[in-house]
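Work through the following exercises with the sequence and the structure at hand. Each task is followed by a solution in steps.

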Amino acid sequence: MAKQGWEDSEFPILCETCLGDNPYVRMTRQGYGKECKICTRPFTIFRWCPGSGMRYKKTEICQTCAKIKNVCQTCVLDLEFGLPTQVRDTVLNVHADVPRSNVNKEVFVAKMDKELGNNSLVDYGKADSAAREQLRKMARHEPYYKRNKPHICSFFVKGTCTRGDECPFRHELPVDNGLQHQNIRDRYYGQNDPVAKRMRKWPNKYQSVEGERWANAPYIVNRTDKAPTLDAPEDKSIKSLFITGVEADITEDDLRGHFYAFGEIKSIVVVHKSRCAFINFATRAGAENAVEKSYNNLNIKGKVLRVQWGRPKPQGPKEDDATEGTVPKEPLTLDELLDLAPPPPPPGAGRVYYPSQDPASFGTSTREYRP
């Protein structure tokens, strides 16, 4: 079979939850090891363990399909808000339909593979500000690592598991909450997703009500209705902000044009290789004002950026603090100066023995013998 159209990648597209909290995660990579569950093209699969006590995870869809919907290759949830595509697309009123027939799907995916590059069909910058605010209220802003727990042991449910604590699966009884019937295809296409149904209460006869927006339905999910805030660090010397998600087309002038209104800026450092930037304010009040206005609300050139407080630089003990509480030393007397060791000889002055270097002081003869 020809490899034309097959996907080869060096690193997966993952969300923070699936990647795990281990900064030294190790992955296994297998080229063309599996077919995508959406477009059925062979692609490079990755397998890793997110952390201690968690189950091994692997990529399920190819990167092209992930870019089309801007979702994680493993959990198929939105990369920006961590929500099901059914919730995101309905609130944003986005219709990024992917063909389902085999022929049309192959042509569409091949076309998107050439056009997208590192971008996505989902443009948050063009969305309504009220819809984005609605998604921010529903989103989970911290990684939910409980999603990486092992699956329930089926032998334990039957009462026949004999491995005890050595069993790699969870010894719990399943709960019938409707989430056990999740399907990757339904989640990707945004139809009949049990997670999305649980997050919102569907209006009655929604399919027949024209113009009724699902976004106006009441909440039934464990999310806070208040916009999240970022607590300021206790160290008042921290006046810098750490910006992530900085693409190559976002320049220093673009960042300065947004943050200059909050206070005087000392410097801006942009690191495109790491997709991040540092905004250093002259005052703490300016930095706090920038965080208050820009946290979860920063969009430049259609790119959603994340704002965090910078970290203080590690500093050694100051000279004043090191000598605090100690008695100052008095100047040396003449007798003490005479007892000090002689200074080192200048270059080329010949060999000079110091008390610790004199061989005679250790019982070794200094007489030279001729062969």
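Two strands pair if DSSP finds at least two bridges between them. Helices (H or I, at least four residues) and strands (E, at least two) are DSSP runs, numbered from the N terminus. The model is predicted, with local features needing pLDDT of at least 70 and side-chain atom pairs counting only at pLDDT 80 or more, while totals for chains, interfaces and linings use all residues. Residues are numbered from 1 along each chain as its sequence is written, and side-chain values use heavy atoms, with hydrogens and water left out.

**Exercise 1. Describe the open sheet of 3 strands and identify its edges.**

Step 1. The strand order is β1-β2-β3, and the pairing is antiparallel.

Step 2. The edge positions belong to β1 (27-35) and β3 (57-58); each has a single partner strand, so one side of each is left without a neighbour in the sheet.

Step 3. Strand β2 (residues 42-48) is joined to β3 by 2 bridges, and the two run antiparallel. Arg47 has Lys58 in β3 as its bridge partner.

**Exercise 2. Give the strand order of the open sheet of 5 strands, then trace its pairings.**

Step 1. This sheet has the order β5-β6-β4-β8-β7, with antiparallel pairing.

Step 2. Here β5 (265-271) and β7 (298-300) are the edge strands: each has a single partner strand, so one side of each lacks a neighbour in the sheet.

Step 3. Neighbouring strands are turned by 25° against each other on average, direction ignored. Axes are lines fitted to C-alpha atoms, for helices over the stretch in contact, and angles run from 0 to 180 degrees between N-to-C directions.

Step 4. The antiparallel pair of β5 and strand β6 (residues 276-281) has 6 bridges, and in it Ile268 stands opposite Ile279. β4 pairs with β6 over 5 bridges and with β8 over 4 bridges, again in the antiparallel sense.

Step 5. Leu241 has Ile279 in β6 as its bridge partner, and Leu241 also stands opposite Trp309 in β8.

**Exercise 3. Is Trp309 buried or exposed, and which residues is it in contact with?**

Step 1. Trp309 is placed in strand β8.

Step 2. Buried means under 20% relative accessible area, exposed over 50%, partly exposed in between (1.4 Å probe, protein chains only). Trp309 has 11% relative accessibility, so it counts as buried.

Step 3. With neighbours within four places in sequence left aside, the contacts of Trp309 include Leu230, Ala232, Pro233, Leu241, Ala287 and Val291. Ala232 is 77 residues from Trp309 along the chain, yet their C-alpha atoms are separated by 7.3 Å.

**Exercise 4. How many residues has the largest nonpolar core, and which elements supply it?**

Step 1. A nonpolar core is a set of buried Ala, Val, Leu, Ile, Met, Phe, Trp, Tyr and Cys residues joined through side-chain atoms within 4.5 Å.

Step 2. The largest core has 22 residues, and those with the most contacts inside it are Leu241, Ile243, Leu255, Phe259, Ile279 and Phe281. At least two residues of this core come from each of β4, α9, β5, β6, α10, β7 and β8.

Step 3. A second, separate core has 19 residues, including Ile45, Ala66, Ile68 and Val76.

**Exercise 5. Classify the aromatic pairs Tyr188 with Tyr189 and Phe259 with Phe281.**

Step 1. Rings of Phe, Tyr and Trp (its six-membered ring) pair if their centres lie within 6.5 Å; planes under 30 degrees apart count as stacked, over 60 as edge-to-face and the rest as tilted. The count by this rule is 5 aromatic pairs.

Step 2. Tyr188 and Tyr189 are edge-to-face, at 5.6 Å centre to centre and 85° between the planes. Both tyrosines, Tyr188 and Tyr189, are buried.

Step 3. The ring centres of Phe259 and Phe281 are 6.4 Å apart and the planes stand at 75°, so this pair is edge-to-face. Phe259 lies in helix α9 and Phe281 in strand β6, so the pair ties together parts that are 22 residues apart in sequence.

Step 4. Phe259 and Phe281 are buried, and together with Phe262 they form one aromatic cluster.

Methods
Contact = heavy atoms within 4.5 Å.
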